[in-house]
Amino acid sequence: MPEPIFAELAQLEALIAQLGDRAQTNVVSRVQYKNHSFPIYSVVLGSMREDVPVLAFTGGVHGLEKIGSEVILSYLQTIIQLLEWDEEFADRLERSRLVFIPIVNPIGVYRGTRSNGNGVDLMRNAPIEGAGNTKLYSGHRVSPRLPWYRGDTTQMESEAQALCQVIQKYVYNAPLSIALDLHSGFGIQDRLWFPYASCRKPFPGIAEAHALKQSFDNCYPHHIYKIEPMSQEYVINGDLWDYLYDGFMQTNSEHKQFLPLTLEMGSWLWLRKSPLHLFQRHGLFHPLLPHRQQRILRRHITLFDFLYRSLLYPKQWTQLDETQLSQHKQQALALWYA
C-alpha cells in the first residue's frame, strides 16, 4: 500500500528532491501505523569533518505541534535558495554542519495527535526520572489512553531512538554543537529553554548558556524570547534532551561542548486572539489563520542565524577564562536559581 502523504511530509520530500546531492539524506527509521509506513528523514548539509561545529534542528516530536516542522521546512526552503547565489553561506557550510529532522513523529503529525502511534509522548520517553514536584503531565505510565504517557520501561520508541541515533552520529563528534528542538503550546511568550527539564539543579554548561544569552541580549535587545532553564516552568520525566546531554557528557572529552535548546512557541497568544480556535483540533498548538502562520514562519530566522554565527565565532560564549566562567555562573545562579 503506498505511503499516505500529508502536507508536511510532501513538502519535506519536495525539498529533499530540490537539494539533490547537496545534502546527505537518510531514512533513519520507518514507523508503522495500521497498514501504512512512515519514513523519519534526516537531512545533513555541510562538512562531514569531525572538527567542525554543528547546528541541529528537530521538529514534530509532538504531532499536534506541527508548526515546529513547518518552521524548519520554511528555513530549509530559504537555505535552498541561498545555495543558488550566496557565496558567504556556501562558505559557512564548508566550515560547519547543519542537521535536520523536521518530522520526528510522522504518525502524530498525520493523525493530529500529541503522541505517536502507540500513544506515547516521545518527549517523556527517555529513561530519565524527574526529581522534585512532578505531576501527571510530567509523564506517567498509567495508560496510553491518557496524555503524557511515557511508554514501557523496556526500550524507547522507534521515533525517540531515531532522533537519538542522528544526534549521536552527527552531533556528538563535533567540538561545539547546538540542537534546537521546536515546540508550541505553552504560555503567551516564546521561550528558549535549556537543560535541565528533569530537575531544578543547574546543568554543567550553565555559565556558557548565560554567556550565550548575554550575547543574544546585547545583539538583539528587543528580542521576543524568555530564555531560561526548562525546569523554571515545570519538571518532567523522560526528557530526551536531558538524556542526550547526559549521554554526551559521559562519552565525550571535556574539550567538547553540546547545548540542547528547546524553542517553545507561545501559542496561547494565538488562542487569546481567536478563542474559538480552542474547539478545533490544532487550535491550541497551531496558528490557524494564514497571516498568523506566515508571521510565525518568518519570526525565528534571526534566532537561527544568531545560533549559527555563534557556532562559527564562539569566542563570546565558549572561550572564557576562569574569571569569566565564574562570573557567568554566579550571574546565572542569581538570575535563574535564586
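Predicted model: local features only at pLDDT ≥ 70, side-chain atom pairs only at ≥ 80, totals over all residues.
Reader: What makes the contact between lysine 66 and glutamate 8 a salt bridge?

Author: The closest N and O atoms of lysine 66 and glutamate 8 are 3.5 Å apart, and because the limit for such a nitrogen and a carboxyl oxygen is 4 Å, the pair is called a salt bridge.

Reader: How many salt bridges are found in the whole structure?

Author: The search of the whole structure gives 17 salt bridges. One of them joins arginine 191 and glutamate 233, whose N to O distance is 3.3 Å. This pair also links distant parts of the chain, since arginine 191 is in strand β6 (residues 191-194) and glutamate 233 is in the loop between β7 (226-229) and α7 (240-251), 42 residues apart.

Reader: How do you know that the side chains of aspartate 121 and arginine 114 meet in a salt bridge?

Author: Their N to O distance is 2.8 Å, and the cut-off is 4 Å, so the pair of aspartate 121 and arginine 114 qualifies. Aspartate 121 has a relative accessible area of 1%, and because buried means under 20%, aspartate 121 is counted as buried. A network of salt bridges links Glu65, Arg114, Asp121 and Arg124.

Reader: What makes serine 115 buried, and which residues is serine 115 in contact with?

Author: Serine 115, which is found in the loop between α4 (106-111) and α5 (158-170), has 16% relative accessibility, and since the limit is 20%, serine 115 counts as buried. If its neighbours within four places in sequence are left aside, serine 115 is in contact with Asn105, Gly108, Val120 and Asp121.

Reader: Why is one side of β1 and of β7 left without a neighbour in the sheet?

Author: The open sheet is formed by eight strands in the order β1-β2-β4-β3-β5-β8-β6-β7, with mixed pairing. Because β1 (23-33) and β7 stand at the edges and each has a single partner strand, one side of each has no neighbour in the sheet. On average, neighbouring strands of this sheet are turned by 20 degrees against each other, direction ignored.

Reader: How do you know that β6 and strand β8 pair?

Author: Three bridges join β6 to strand β8 (residues 257-265), and at least two bridges are needed for a pair, so these antiparallel strands meet the criterion. Leucine 192 has leucine 263 in β8 as its bridge partner.

Reader: Why is valine 28 called buried?

Author: Valine 28, found in strand β1, has a relative accessible area of 18%, and since the cut-off is 20%, valine 28 is placed in the buried class. Residues up to four places away in sequence not counted, valine 28 touches Ile40, Tyr41, Ser42, Ala162, Gln165 and Val166.

Reader: What makes α3 oblique to α10?

Author: The axes of helix α3 (residues 87-94) and helix α10 (residues 301-312) come within 11 Å and cross at roughly 55 degrees. That angle makes α3 oblique to α10, because roughly parallel requires an angle under 35 degrees and roughly perpendicular one of 65 to 115. The crossing is left-handed, and Phe89, Arg92 and Leu93 in α3 meet Asp305, Tyr308, Arg309 and Leu312 in α10.

Reader: Why is lysine 34 called exposed, whereas tryptophan 148 is called partly exposed?

Author: Lysine 34 has a relative accessible area of 69%, and exposed means over 50%, so lysine 34 is given that name. Tryptophan 148 has a relative accessible area of 26%, which lies between the limits of 20% and 50%, and therefore tryptophan 148 is partly exposed. Lysine 34 lies in the loop between β1 and β2 (36-46) and has a phi near 55 degrees, while tryptophan 148 lies in the loop between α4 and α5 and has a positive phi of about 70 degrees.

Conventions: Residues numbered from 1 in each chain as written. Heavy atoms only, no water. Buried < 20%, exposed > 50% of the residue type's maximum accessible area, 1.4 Å probe, protein only. Helix = DSSP H or I, 4+ residues; strand = E, 2+ residues; numbered from the N terminus. Axes fitted to C-alpha atoms, helices over the stretch in contact; angles between N-to-C directions. Contact = heavy atoms within 4.5 Å. Parallel < 35°, antiparallel > 145°, perpendicular 65-115°, else oblique. Left-handed = near helix turned anticlockwise from the far one by under 90°.
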